[in-house]
Amino acid sequence: MGLLCSKNRRYNAADSEENAQIKLLFQTGFDEAELKSYISVIHANVYQTIKVLYDGSKELAQNETDSMKFVVSSENKEIGEKLSEIGGRLDYPRLTKELAEDIETLWADPAIQETYAHGNELQLPDCANYFMENLQRLSDANYVPTKDDVLYARVRTTGVVEIQFSPVGEHKKSGEVYRLFDVGGQRNERRKWIHLFEGVSAVIFCAAISEYDQTLFEDEQKNRMMETKELFDWVLKQPCFEKTSFMLFLNKFDIFEKKVLKVPLNVCEWFKDYQPASTGKQEIEHAYEFVKKKFEELYFQSTAPDRVDRVFKIYRTTALDPKLVKKTFKLVDETLRRRHLFEAGLL
């Protein structure tokens with residue numbers, strides 16, 4: 001979940017891939033030193049992922065009815081225990097070829113693949129498959145992360161970090177400068193960033209629509225989509241947003257379109273009245289439109305009658321797609337520019 005707000009202009013975001021895309025698209029990008037600084041983050045993601053999968057397989061083997069399919073083969077258990085121990089450390093070792101081969105061996109185990117298929121029941125990061133499929137490259141002694149590696153890397157945000165950018169390009173004078181605040185989306189971080197919204201002219205709310213079957217990192221009893229709904233409702237009702245424009249980014253559509261054909265939307269309490277209507281691409285669009293309508297209804301239910309004239313736009317986004325991110329931010333920029341001209345009596 002993330003928020004982006006603009007005043008002169010202000011933005012807030014909680015997801016690391018959006019921030020990396022901003023830097024790649026609207027700033028100077030990453031030089032080699034900055035790319036190399038992500039090595040430890042990426043290697044940590046690898047160790048964290050394999051630990052979640054191995055520990056998860058043991059948990060599922062105890063709790064699921066068909067438990068045997070989650071039992072790791074005897075020859076791979078020693079590898080699993082070793083990697084789980086590494087994944088639990090505060091400091092991770094650099095990923096070597098030997099460790100990469102161990103991870104590949106465990107990743108290929110049928111029980112781990114079965115556990116991966118149940119990833120929504122675990123706190124498994126979206127980058128899991130990407131990094132598992134690139135282990136040999138990631139463990140090379142001369143490894144330098146690519147732009148895609150950086151976009152997939154996951155860092156849990158705490159506190160508030162600011163970067164500045166122009167949605168139409170740093171060197172084009174027509175673009176206004178935006179201030180982006182990277183905030184912690186977790187519950188215990190929100191009190192640290194709400195003060196940043198005083199007097200803003202626009203809020204961009206990022207909702208990960210693929211997370212309708214997942215639970216929170218800090219509360220595994222709470223569905224992530226239900227938490228997003230409650231946060232959106234809370235933000236809409238804040239007094240400081242009385243005249244604020246709202247831009248809703250329905251993000252992670254790339255994951256959503258793959259998942260929704262396998263996991264029905266109605267596993268989420270908010271979507272319990274959803275009825276599948278078709279198959280393939282038609283079903284994906286049907287499901288997306290249903291989610292979009294739910295957010296639209298929530299917006300108007302949570303918006304006081306004297307606030308209905310504020311701008312409200314919804315955008316379908318995939319934070320890992322640079323062209324789509326750039327196009328979306330340009331649309332947002334144009335919308336806010338027209339709004340300011342209208343308020344100034346120039347339109």
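Visitor: In this predicted model, how are H4 and H5 oriented to each other: parallel, perpendicular or oblique?
Guide: The axes of helix H4 (residues 74-87) and helix H5 (residues 97-108) cross at roughly 120° and come within 10 Å. Angles of 65 to 115 degrees count as roughly perpendicular, and those over 145 as roughly antiparallel. The two helices are therefore oblique.

Visitor: What is the handedness of the crossing where H4 passes H5?
Guide: Two packed helices are described by the angle between their axes and the distance between the axes. Handedness is a further label here, and for H4 passing H5 it is left-handed.

Visitor: How many residues of the contact of H4 with H5 are nonpolar?
Guide: From H4 come Asn76, Ile79, Gly80, Lys82, Leu83 and Ile86. They meet Leu99, Asp102, Ile103, Thr105 and Leu106 in H5. Two of the contact residues are charged, three are polar, and the nonpolar ones number six.

Visitor: Are the faces of E5 covered or open?
Guide: In a regular strand the side chains alternate between the two faces of the sheet. One side of E5 holds Ala202, Ile204, Cys206 and Ala208, all buried.

Visitor: Which residue in E6 stands opposite Phe205?
Guide: E5 pairs with strand E6 (residues 245-251) in the parallel sense, over seven bridges. Within E6, the residue opposite Phe205 is Leu248.

Visitor: Is Lys252 buried or exposed?
Guide: Lys252 lies in the loop between E6 and helix H12 (253-259). Its phi is positive, near 60°. Relative accessibility is 7%, and the cut-off is under 20%. Lys252 therefore counts as buried.

Technical notes
Residues are numbered from 1 along each chain as its sequence is written. This is a predicted model: local features need pLDDT of at least 70, side-chain atom pairs count only at pLDDT 80 or more; totals for chains, interfaces and linings use all residues. Side-chain values use heavy atoms; hydrogens and water are left out. Axes are lines fitted to C-alpha atoms, for helices over the stretch in contact, and angles run from 0 to 180 degrees between N-to-C directions. Helices (H or I, at least four residues) and strands (E, at least two) are DSSP runs, numbered from the N terminus. Angles under 35 degrees count as roughly parallel, over 145 as roughly antiparallel, 65 to 115 as roughly perpendicular and the rest as oblique. A crossing is left-handed if the near helix is turned anticlockwise from the far one by less than a right angle, and right-handed if clockwise. Contact means heavy atoms within 4.5 Å. Ala, Val, Leu, Ile, Met, Phe, Trp, Tyr, Cys and Pro count as nonpolar, Asp, Glu, Lys and Arg as charged, and the others, Gly among them, as polar. Buried means under 20% relative accessible area, exposed over 50%, partly exposed in between (1.4 Å probe, protein chains only). Two strands pair if DSSP finds at least two bridges between them.
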